[in-house]
Amino acid sequence: MPVVEVKITFVGVLQRVAGCREEAVSVPEETTLGGLLQELVARHGQQLEEHLLENGDLAPLATVLVNGRNALSQGGLQAKLSDGSESHVEIVVLGPPLMGG
């Protein structure tokens, strides 16, 4: 089964939650965004899920880019991470805006 390396960039509050700015994860080629997020929650804990997911879908304040395009325009959690020709996918998780002043 072919494997792709997914490069994740955490921005804002999610960088604090994950404890890192960037991470690389190897997943089976057919993995969806939802599958990747489950893997990230398993690694980084429930707080990450609370920022990214709401009612089983992407949270309204979380912006996830797959190859520079908003995941919502690619099927949300069903978005494919790889089209088969790429072996490297970058996902930028912006998360909700930081509040306060």
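This is a predicted model: local features need pLDDT of at least 70, side-chain atom pairs count only at pLDDT 80 or more; totals for chains, interfaces and linings use all residues.
Reader: Where should I start with helix 2? How many residues does it have, and what span does it reach?

Author: Helix 2 has twelve residues. From its first C-alpha to its last it reaches 16 Å, close to the 16 Å expected at 1.5 Å a residue.

Reader: Which residues of helix 2 are buried?

Author: Start with the general idea. An α-helix has 3.6 residues a turn, so residues three or four places apart point the same way. Now the case here. The buried residues of helix 2 are Leu33, Gly34, Leu36, Leu37, Leu40 and Val41. Look down the helix axis: these buried residues fall within an arc of 155°, so they line one face of helix 2.

Reader: Which exposed residues does the face turned away from the buried side carry?

Author: That face of helix 2 carries Gln38 and Ala42, both exposed.

Reader: What comes just after helix 2?

Author: Gly45 does, and it takes a positive phi of about 100°.

Reader: Let me try one residue. Is Val41 buried or exposed?

Author: Compare its value with the cut-off. Buried means under 20% relative accessible area. Val41 has 15% relative accessibility, so Val41 counts as buried.

Reader: Which residues does Val41 touch?

Author: Leave out residues up to four places away in sequence. Val41 then touches Leu48 and Glu49. Distance along the chain is another thing to check. Val41 and Ala18 are 23 residues apart along the chain, and their C-alpha atoms are separated by 9.1 Å.

Reader: Now the core. Which residues touch the most other members of the largest nonpolar core?

Author: Leu33, Leu36 and Ile91 do, in a core of 27 residues.

Reader: What does Leu33 touch?

Author: Again, skip residues up to four places away in sequence. The contacts of Leu33 include Leu58, Val64, Leu77, Leu81 and Ile91.

Reader: Next, charges. How many salt bridges are there?

Author: The general idea first. Side chains of opposite charge can pair when their charged atoms come close. In this model the count comes to three salt bridges.

Reader: Which residue forms a salt bridge with Lys7?

Author: Glu22 does, with the closest N and O atoms 3.6 Å apart. Glu22 lies in strand 2 and Lys7 in strand 1, so the pair ties together parts that are 15 residues apart in sequence. Glu22 is partly exposed, with a relative accessible area of 44%. Lys7 counts as partly exposed too, at 25% relative accessibility.

Reader: What about Glu23? Which side chain does it meet in a salt bridge?

Author: Glu23 meets Arg43, at 2.8 Å from N to O. Glu23 is in strand 2 and Arg43 is in helix 2, so this pair ties together parts that are 20 residues apart in sequence. Glu23 is buried, with a relative accessible area of 12%. Arg43 is partly exposed, with 42%.

Reader: And where do Glu39 and Arg43 lie?

Author: Both lie in helix 2, four residues apart, about one turn of the helix. Glu39 counts as partly exposed, at 33% relative accessibility.

Reader: Which residues are linked in a network of salt bridges?

Author: Glu23, Glu39 and Arg43 are linked in this way.

Key: Residues are numbered from 1 along each chain as its sequence is written. Side-chain values use heavy atoms; hydrogens and water are left out. A nonpolar core is a set of buried Ala, Val, Leu, Ile, Met, Phe, Trp, Tyr and Cys residues joined through side-chain atoms within 4.5 Å. Buried means under 20% relative accessible area, exposed over 50%, partly exposed in between (1.4 Å probe, protein chains only). Contact means heavy atoms within 4.5 Å. Helices (H or I, at least four residues) and strands (E, at least two) are DSSP runs, numbered from the N terminus. The expected span of a helix is 1.5 Å times one less than its number of residues. The arc is that of the directions from the helix axis to the C-beta atoms. A salt bridge is a side-chain nitrogen of Lys or Arg within 4 Å of a carboxyl oxygen of Asp or Glu.
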